[in-house]
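Please have the sequence and the structure at hand.

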Amino acid sequence: MLKKLTSVLEYMDFINEINSDPDFSDPMLGTGEQMRSNLLDAPDKPADHIWGIYENGEMTGLFVFLVLEEENYLEMLVGLSRSREAYAEMLSYLKENYKGYQVDFVYNPGNTLLSGLLREEKAELDAEQQKMVLEREIRHESWHQIELYSPKYRKQYISMHSDEGYWTADKVIEARDRFRILLAIENDEAVGYLDITYKYDENELYDILVKEQYRGRGYGKAMLARAIELNRPKGMMVLTETDNIAAIALFESLGFRRRPGGNSITAWFML
């Protein structure tokens, strides 16, 4: 049975039990700040919807989804269950009530129950992401021109920006209260960009790209070093594909370290 919830505090025993399981913990609840933002504050956010799944009166699943009706978009902020039936009931409810919406999931690679159901739905599954956290700063001197975004470079930024996922170039630009954009400039041309949050205790590097013909010149490292400098004294994390050796080496060269148990998989499909 699925039930709409208006609070989460009374379910903390269930939440903590599932979230302590290495295979079913939620990577979106990996820090205290994530626990507050994605779960504890959800009852006070109109766009966050909380559902509990019950079997014989016992909770078997707790879910929080961001629902953006004007954009036909859903995102699972919290998904906690060890029951295949609970995941199936949640998916069935979404398909019945949010037809035409895109729904995104970020979940534990060990959660084969949810992964199997998403594959049955023909969801697009990204490669496993390695979580890396900035543990110490390593100074990096650079001659590269790295600038904060300005409208002067809007067209150039949009033209090279990835159009995959929810955070398109236009949305990042509009979310000025959330994102900082850095640009690598050569001869008055934007040749690379870096998108990173700046409002949190631990900020996330969402995207970094250097145009192919300018790679190998240190632009990526220069943008990342500048982002770290601007982010002080807050924490920083990044997700990168587990087999992207070059990216992992870049982050490690500036003081990032792999966070055990922090890996995730992102998947999406149309309801």
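## Ground rules

Helices (H or I, at least four residues) and strands (E, at least two) are DSSP runs, numbered from the N terminus. This is a predicted model, where local features need pLDDT of at least 70 and side-chain atom pairs count only at pLDDT 80 or more, while totals for chains, interfaces and linings use all residues. Residues are numbered from 1 along each chain as its sequence is written, and side-chain values use heavy atoms, with hydrogens and water left out.

A cavity is a set of points, on a 1 Å grid over the protein atoms alone, where a 1.4 Å probe fits but cannot get out; its lining residues have an atom within 4 Å of a point. Points are joined across faces, edges and corners, and a volume is the space filled by probe spheres set on them. Two cavities reach 30 Å³ or more.

## The largest cavity

The largest cavity holds about 40 Å³ of space. Its lining is made up of F24, S25, D26, P27, M76, G79, V106, Y107, N108 and N111. Strands β4 (73–81) and β5 (102–107) each supply at least two of the lining residues.

By class, this lining has five nonpolar, four polar and one charged residues (Ala, Val, Leu, Ile, Met, Phe, Trp, Tyr, Cys and Pro count as nonpolar, Asp, Glu, Lys and Arg as charged, and the others, Gly among them, as polar).

## The second largest cavity

About 30 Å³ of space lies in the second largest cavity. Around it sit F63, F65, M76, Y87, M90, L91, F105 and L114. Two or more of these come from each of β3 (58–68) and α3 (84–97), and α3 gives the most, with three residues. The lining counts eight nonpolar, no polar and no charged residues.

Key
1 Å grid on protein atoms, 1.4 Å probe; cavity = no way out; pocket = protein on both sides within 12 Å on 5 of 7 lines; lining within 4 Å.
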